[in-house]
Amino acid sequence: MVAPKAHWDVIVIGGGTAGVIAGIAAARTGAKTLIVERGGFLGGNAATGMNLGGFFDGSETQVVRGIPQEFVDRAVALNAGRGHVFFRDVDRWISSTASIDPEAYKQIALDKVEEAGCHVWFYTTFVRAIEENGSVASVEVATKDGPRVLTAEVYIDASGDADLATSVGVPFERGGGTKRQAVTCMFRVSHINFAAVEQFMEEKINTEKKTPWTFENAPLRASHKYWTPWKISPDDAKRFARQFGIYYHGRPGEAFVNCTHAPLESLEPDDIAQCTTRLYRQAVEVLDYLVTNVPGFENATLTQVYDLGIRESRRIVGDYMLTVQDMVNLREFDDVVAMGAYPPDLHDATRGFGDITIHGKGFAGTTEEVGIPNNPGYQIPLRSLLPTGIANLLVAGRCISATFEAQAGARGMAPCGATGQAAGTVAALAVIQHKSPREVVLADLQRSLLKAGAYLGKRVTL
Ligand SMILES: Cc1cc2nc3c(=O)[nH]c(=O)nc-3n(C[C@H](O)[C@H](O)[C@H](O)COP(=O)(O)OP(=O)(O)OC[C@H]3O[C@@H](n4cnc5c(N)ncnc54)[C@H](O)[C@@H]3O)c2cc1C
């Protein structure tokens with residue numbers, strides 16, 4: 001039996017990278033807010049051990065501030081991450097990334113949500129929404145206590161896959177023609193002898209004698225170029241993906257590895273099951289290789305394999321679709337509500353492990369090929385968060401309205417957090433002003449974001 005309806009000002013579907021920040025922003029702005037999260041923690045993909053990219057542009061101007069920066073500050077205060085890490089070497093692919101230990105990220109998210117007075121339902125999955133007269137009328141969620149129907153004035157879809165938006169018929173795109181971004185399960189490795197690994201990398205891999213490879217600067221390197229550990233053996237190199245991301249958050253002997261790599265054709269349960277199984281096996285295979293071949297990994301153990309990491313699935317078609325040209329040309333939007341500096345980062349799903357041969361990173365449209373020099377910041381307009389045809393719905397995070405190549409940048413965690421803060425703020429203002437998100441006065445919205453610490457480019461000031 002469906003339980004009685006509960007009414008909220010704002011419901012956020014998904015308590016991940018963008019959703020948790022959307023919930024905090026909405027609650028702080030004065031809305032009675034509920035985050036619906038299918039898992040048992042907050043933070044989503046930001047809590048899988050990677051560094052958060054896209055805070056600073058190439059000139060080291062901080063373009064993502066506000067609530068995402070509060071997470072970095074709290075982590076540093078807790079000694080649970082290394083904060084912003086800059087890399088000034090020519091080999092860099094991005095100017096900086098932020099290091100936060102994933103368990104600390106989850107804890108900080110819980111604390112901040114509570115401090116903001118935002119309500120959370122864990123282990124609660126969005127199932128479907130009912131659309132009436134161009135608005136979301138209600139959402140059905142599956143809880144351990146059975147199905148519930150919930151209503152809100154404004155909804156935010158931060159599910160990553162645009163589950164809510166597509167449920168009410170919002171048009172969407174997936175992939176770039178036949179191109180697909182690879183999916184990856186991150187994994188955590190413990191008991192590494194860092195000094196021995198760094199010596200190995202320096203002697204065997206860094207033969208061009210570029211800046212020494214260290215665990216500390218690893219996430220910022222153009223990794224595919226010269227430091228993948230299996231590069232020493234061409235036969236081994238055919239077995240593994242060329243991308244090999246390593247992240248270190250200040251915990252002795254512990255690193256997080258981004259290397260597993262497979263295509264995912266659909267969100268069908270069978271496809272997801274096969275892909276997840278394959279990626280788990282790859283994690284074991286990669287660690288076996290490292291233990292056997294790379295000094296310093298002899299005693300390493302696989303501590304944790306994280307949930308399936310999807311880089312791109314359904315991107316909604318909104319009032320405006322962000323393009324790479326907007327990023328390259330540093331286009332300024334009158335309705336800018338978020339910024340980012342994560343460069344388009346494409347991982348070809350058809351290349352990598354097993355039967356598939358290894359090739360370079362990305363497709364046409366990657367940072368190098370598009371020729372975006374110096375990792376510039378870019379603006380994200382409110383219209384990219386507004387799904388076509390639905391009045392009381394916003395999207396945030398990696399499913400915003402952007403082309404395949406532009407999403408490859410906007411999917412970075414700092415821009416995702418920034419779109420979360422924007423969506424939460426506009427949703428709450430809409431409730432308070434008894435308007436739809438499209439009707440909120442832009443100047444009020446931008447002022448509210450700036451007062452909350454966000455940055456919207458040089459032209460938008462208080
Ligand atoms: C392998 C990999 C490596 C990456 N590397 C980097 C990197 O180095 N730096 C960087 O900045 N970015 C990186 N990214 C990109 C970045 O991590 C993601 O794009 C970003 O975290 C997505 O944020 P999101 O909020 O849109 O989605 P998520 O963080 O995935 O959040 C979605 C949330 O919604 C919940 N959810 C989903 N469906 C439902 C439902 N039906 N009901 C209820 N809850 C639901 C999920 O459980 C999750 O908590 C990487 C991504 C991947 C996959």
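Leaving aside its neighbours within four places in sequence, which residues is Ala427 in contact with? Ala427 is in contact with Val10, Ala26, Ala31, Val154, Ile156, Leu394 and Pro437, where contact means that two C-beta atoms, placed from the backbone, lie within 7 Å. This is a predicted model, in which local features need pLDDT of at least 70 and side-chain atom pairs count only at pLDDT 80 or more, while totals for chains, interfaces and linings use all residues. Residues are numbered from 1 along each chain as its sequence is written. Helices (H or I, at least four residues) and strands (E, at least two) are DSSP runs, numbered from the N terminus.

**Nonpolar cores**

- A residue is buried if 20 or more other C-beta atoms lie within 10 Å of its own, exposed if 12 or fewer, and partly exposed in between, with C-beta atoms placed from the backbone.
- A nonpolar core is a set of buried Ala, Val, Leu, Ile, Met, Phe, Trp, Tyr and Cys residues joined through C-beta atoms within 7 Å.
- The largest such core has 102 residues, and Val10, Ile11, Ile156 and Ala427 touch the most other members.
- Helix α11 (residues 413-432) supplies the largest share of this core, 12 residues.
- Another core, of 38 residues, lies apart from it and includes Ile192, Met201, Ala262 and Val286.
- In soluble globular proteins, nonpolar side chains tend to be buried together.

**Helix α3**

- Helix α3 covers residues 102-116, and its 15 residues should span 21 Å at 1.5 Å a residue; the end C-alpha atoms are 21 Å apart, which agrees.
- The expected span is 1.5 Å times one less than the number of residues in the helix.
- Pro102, Tyr105, Ile108, Ala109, Lys112 and Val113 are the buried residues of α3.
- They cover an arc of only 130° around the axis, which puts them on the same side of α3; the arc is that of the directions from the helix axis to the C-beta atoms.
- The packing partners of these buried residues are α1 (17-28), α2 (66-77) and β6 (119-121).

**Helix α2**

- The 12 residues of α2 should span 16 Å at 1.5 Å a residue, and the end C-alpha atoms are 17 Å apart, which agrees.
- Gly66, Ile67, Pro68, Gln69, Phe71, Val72 and Ala75 are buried in α2.
- The buried residues of α2 pack against α1, β4 (83-86), β5 (96-99), α3 and α11.

**Around the ligand**

- There are 38 residues around the ligand, of which Gly14, Gly16, Gly44, Gly309 and Gly397 come nearest; a residue is near if its C-beta atom, placed from the backbone, lies within 6 Å.
- With three residues, α1 gives the most to this shell.
- The shell divides into 13 nonpolar, 19 polar and six charged residues.
- Ala, Val, Leu, Ile, Met, Phe, Trp, Tyr, Cys and Pro count as nonpolar, Asp, Glu, Lys and Arg as charged, and the others, Gly among them, as polar.

- Glu198 is in helix α5 (residues 194-205) and counts as partly exposed because it has 19 C-beta neighbours inside 10 Å.
- Not counting residues up to four places away in sequence, Glu198 touches Trp213 and Thr214.
- Leu462 lies in the segment after α12 (442-451) and is exposed, with 6 other C-beta atoms within 10 Å.
- Leu462 and Leu450 are 12 residues apart in sequence and 6.8 Å apart in space, C-alpha to C-alpha.
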